[in-house]
Structures are given as structure tokens and as C-alpha cells.
Amino acid sequence: MNGEMEATTQVQVWAQDDLLKLLEAMKVALPQKDLTKYKTSESHLDWQKVAFNSYTAEMCKQKWQEVSKEIRKFRTLTELIVDAQDYIKNPYKGKKIKKHPDFPKKPLTPYFRFFMEKRAKYAKLHPEMSNLDLTKILSKKYRELPDKKKKKYVDDFLRDKESFVISMMKFREEHPDLVESMTKKGSNVPEKPKTPQQLWYNHEKKAFLKTHPDATTKDIKDSLGKQWTQLSDKKRLKWIGKSLEQRKLYEGTMREYIQQHPELNMTQNDIVKSTLTKAERHLKDKSDGRPDKPPPNGYSMFCAELMSNMKDVPSTERMVMCSQRWKLLKQAEKDGYQKRCEQRKKEYEIEMNRFLSSLSEEEQQRVLSEEKIGFRRGAGANSPIKPSLHEANPEKPKRPISAMFIFSEEKRPKLQQERPDLSDSELTRLLARMWNELPDKKKEKYKRLETVLKAESEKKEKEDRSRLPDPPKTAQDIWQQSVIGDYLARFKNDRQKAQKAMEATWSTMEKKEKIMWIKKAAEDQKRYERDLCEMRSPAATIASGKKMKFEGEPKKPPSNGYQKFSQEMLSNGELNHLPMKERMTEIGSRWQRLPLKNKDNYKKIAEEKQRQYKVQLEQWLASLSSQERNTYKEYNSQVSQLFHSSDDDDDEEDDDEAEDKENKSEESSSESNSQGSSDSDSD
């Protein structure tokens, strides 16, 4: 039964009118807004509603699948039906015309005739060669072929070309509709404007072929590709202007085309926005009078001027040297750079306003969006300047100076005396050359100093970081931290591009999406405030069981002779093999066995240490600010209040213990003396 059904469907011949009715029925059966993928719409389509006349739902579905194989499928089903209707009316439309059985075959070119004739022979001579290698050899052989031998292939080509022209004329007469569709090339969309390089390449290509008629496409690209990079700015501007003219014409024709073809669902976004690269746009703006952006502050201006004379200095050292040289300037010189910078900003504002007034509104928006420092009309020298990293955070540890800078600072005074005619920048260049020519053995001295300074800087930075809790993070920072891995993978570990993409995504996110990250930022802010409060509050520090540390505070000495003796025994490592409890027991027993004279020595040392500690403590307190001094006093007063009783008990116990130990030692010594006297009496 199924076999009969298949046979009937295969034998059934669909007329063109029936096929068009099928497509019309499908269009009616589709929802009004068909925005899903065609496969989804096709699977949900009710074929019972599509069926008409003697054609069943299964027959309609099967026929549609046959027709759909001949058309593109990367759009919605509604759009595909329009193409299907066009295909049924004209199966050989556009590129399909070449598949028409009556379409004449194009003649082979002279080179391809030579290639087909010689390929088999060279393939036998060189069986180890690939097709690409054979093609290269035959291409070279054809170029080296004399004109007499080439004539044979050229004549054959011309003869076949004449017959092709006659056959093509006959085909046009018999199939006028197909030829018309071929010339229109389907959609008839206006041609995109060419870039300056493409326009120049097409122009130069014609001139190159006149002098090199046998040149291949690769030869032309290799020759002309290098010339474009060496072209002068004046010549480039000529082709930039032609490209912009083409783009204006293209925009006009494209807008008309979009209005005439609403069924294509094209918008203004489909129009090519620009044909220029960033460098070409900058060159065009500069020629039109766009001013160069001034440095943001005096320090940047100083660095720009200094670095222009630092071509011999390695790039990694330039900013370090600029920073160190800036620090050596007097404040009056720094103020001079800042005043020059402010003046340059005022001039820039005037020049930029003049430049913007000569542009259209669209171009004005483009220029303003490119301004990275947020240029605004009317905002000039009075606008706030973004502080440098060092100015923004003065407590941040300074970067350690490099080996090259240590060498430069050591040799600079001597060079200034020997060469007073040289300027600072010339001296810097000379010192850089001297450093580069210095043997590695002599460089080691400066590199060791650099290592020492770097270690000190890292140590100080570590101490500073431990002094304050981690600063609170913003909602954007927390979100970026959670997605940075995905963005780095997407941009192949290009951190700068990933950062820009994350900032753009965050700016377009809705408030609902940001709420979770805002809550996390609020929690982090509370954490920071709590940690800061604990750090600054002595009571909280004491309650937590932590000892508050003050930078530079002198170390407390032992309060009595026994503590001094204990410290000595613990520090010399003699009892390190014992556990701590047994160690302290052993120290106590040794203290008991110690002669009274030795105990008095330890007591005197402890008293001397106490006197030294009091002097050092007074000096340290005098060096503190009033706020730090108050914090220290508050901490000590609360410590004494909280632990006064326990400290007193401990002191009493220590004193009692010391006294007991001393008494025991005295008793033992007196007993031994009395025992010795009794023994002598008995004798």
C-alpha cells in the first residue's frame, strides 16, 4: 500500500499554477509575524490547511521539500516563499542561467589551453610534484614561451571566441527574460564604495599591465602592495577625497534603493558607514585643520618633550627616567610647565571650535565621540585636570629606580663639569649610550643596587598594604571580575580590548541586571567599613584578641632579671630540642641553681634596658602626630583597664616565684653551709 502511495506521488506532475497555489496556501497558513527560523516554522506548519484540490497534505509537504532544495535557507520561511515563487517562474534566474542546457560554453584562455596540453607530460616527468608545484612550473614555462609558439594558442582562443559570441547572440534571442535577469544580477543593490587603497590599486593596475602585459595577479599585488605604504600624505589625500566622494554618492543611491524595496527589510544601518581607516581619517582631519590634542597636565608635557630626545634609550626605561628627572625639577619649573599646558588647552579649545564649526552635524558627533578626554564646548582651562597616579595616591610607595638610573645619577655630575655645553636631554642620551656600551661585569654593581632597592620597596609596599584593609569594590568591578575570563578568551587574551568590551556591555545593561552586583558592592562597602573600624578602634582590637601594632614603636624590654635570663636561654637555641612546656620548666630549674651574684647581674641588665626603653619611647611619641599619639594612649589605657588585674596577678606571681626561687636558693646555700660546718665540728 505504501509502495503504491509513493508511486502515485512520484508520477504526479505539478503544473506551474498548482505550485504557485501551494506557495500561496503556505503563506496564508503562516502566522502574521513570522520571525522564527524557517525550520521551526516548517515543523509547526499545519499541512492540512495547505492541502488543496486533489493534493493531500503529505503531497504538499513533499513537493515543498523538493522546491526548497533549490533556494537559499538562511532567512525566514515567508521570505523563502517569495524566492520559491520567483524560482518556479524562472528556474534559471541569476547564476543558474549557466546551468541552462542551451547556454554556450566560454572558450578556454590561451594559457589554459597550453596548461591542459602540457600537464599530463610534466606529471609523468615529475610524479613527486603536487598540483600546485606543477601549476607554478607550467605558468613559468608559458611566460617564457616565444610569441611564435604562443600564437597557436591565441589563434585557437580567438576562433572559439567568435563562435561563442555568435552562440550567445542566438541564446539572447531565444531567452530574453533569462538574459535580462542575468544582467540585473538579482537584487540590483548599489555597489559599495571603494577604499582609498582600492581606488589607487585599480588605477595603478591598469598602468602596470601596460608595461607588464604577462603579469599575474600575484605579481601585481606584490609590486603595488609595497608602493601604497610608501605613498606620501599628499598623494594619499587625493585618493581619500575620491573615496569620500564615492561614499556620498553611494549613501544617496542606497537611501533611494531602501525606499523602493521595503520588502528587503533594510535599514540605514545597512549602509556602509566609512571607507577610511583610523590613520586615513586622522590624516584627513589634520589636513582640514583639526588641532592636535594637548597634554592633560604639565608632567605629561614635560615627558613628551623629554622623550622626543630619548630615541637611544630603551622604551622600558623612558618613563622611569622621565619620572626621576621630573622629581629633580624645582617647583617653579614645574609650575612653568603647568602654565604652558593651560595656555595650550585654551588655544586647543579655540582651534577645535573653529574646526567643528566647519563640519556637518554628523561629522561633529564623530569628532566629539573620538575625543578621549571628554572635550566639551565651553569647557577649557577651567575644567578639572585628571590627576596623575602619583598625585591621586601620594601614600603609594614609589617605584624603585633602575640600574640604568643609578648609573646615570652617578656619572651625571662629572659629565656636567666636563661637558657644560650639553643640555639635559643631550646628557641623557649620552648616558644612555654609555650604559649600553658598559660591560656586563660593571653593570652587575648597579644591578645589585637595583635588587636591594627593589626588595626594600616591595617590603615597604607589603607593610603599607597590611596597614589598611582592601578598598571596597564598585558594582562594575565585581561584575568585571566575574566575567573577565570569558572576555579574555573571546579576545584572545587582549586585555585592552576585553576591558573596552566589558565597559561597553556594562553601560548598556539595564538596572534590573545590575541590582545583584550593586548589592554585592554594598556588602563589600560594609566589610571595608567594619575592617577599618576594627583597625582604628583599640577596644575592638583588644576584644578580638589581636595586638595592635604601631610602626616604629620600641620593643618592650624584660621587666626583671628572671625574664631577661629566660629570653637569653630561649634565644641561644640550647633548649630547642625540648617542647615548650619542658623548656620553661628547665629554665626555671636552672634559674634556681644560679648563684646570687649572677641573678643580680641579670637584674641590673633588666633595669638598664628599662631606662633605655623609657628614653626611646619618649622620643618615638614625640615623632608621632597628635592623632596617632592619642590612638596609642587610648589603646594603652584600655589595655591597662582590661588586663590590670590579671597583669598584677601575673606580676605578683612572677615576683613571688622569683622571690621563692631566690629564697629557695638562699636556703639551699645556707643549708649546705650549715651542713659543712657541722661536718667540720664532728671531725
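Buried here means under 20% relative accessible area, exposed means over 50%, and partly exposed is whatever falls in between (1.4 Å probe, protein chains only). This is a predicted model, where local features need pLDDT of at least 70, side-chain atom pairs count only at pLDDT 80 or more, and totals for chains, interfaces and linings use all residues. Residues are numbered from 1 along each chain as its sequence is written, and side-chain values use heavy atoms, with hydrogens and water left out.

| Residue | Relative accessibility | Class |
|---|---|---|
| Lysine 141 | 38% | partly exposed |
| Phenylalanine 112 | 35% | partly exposed |
| Cysteine 322 | 0% | buried |
| Cysteine 341 | 0% | buried |

Now the surface patches. They're built from residues with over 30% relative accessible area and no salt bridge, joining like charges within 9 Å and nonpolar side chains (Val, Leu, Ile, Met, Phe, Trp, Tyr) within 5 Å. A salt bridge, for its part, is a side-chain nitrogen of Lys or Arg within 4 Å of a carboxyl oxygen of Asp or Glu.

Lys121, Lys140, Lys141 and Arg143 make up a positive patch. Helix H8 (residues 131-143) supplies its largest share, three residues, and lysine 141 sits in that helix. Leu108, Phe112 and Met116 give a nonpolar patch of about 270 Å², with phenylalanine 112 in helix H7 (residues 110-125). Helices are DSSP runs (H or I, at least four residues), numbered from the N terminus.

On to the cysteines. With a disulfide taken as a pair of cysteine sulfur atoms within 2.5 Å, the count is zero. Cysteine 322 is in no disulfide, and its nearest cysteine sulfur, from cysteine 303, is 4.2 Å away.

Note on methods
Accessible areas come from the Shrake-Rupley method with a 1.4 Å probe; for residues, only the protein chains shown count as cover. Lys and Arg count as positive and Asp and Glu as negative; His and the chain ends are not counted. The place of a charge is taken as NZ of Lys, CZ of Arg, CG of Asp or CD of Glu. Helices (H or I, at least four residues) and strands (E, at least two) are DSSP runs, numbered from the N terminus.
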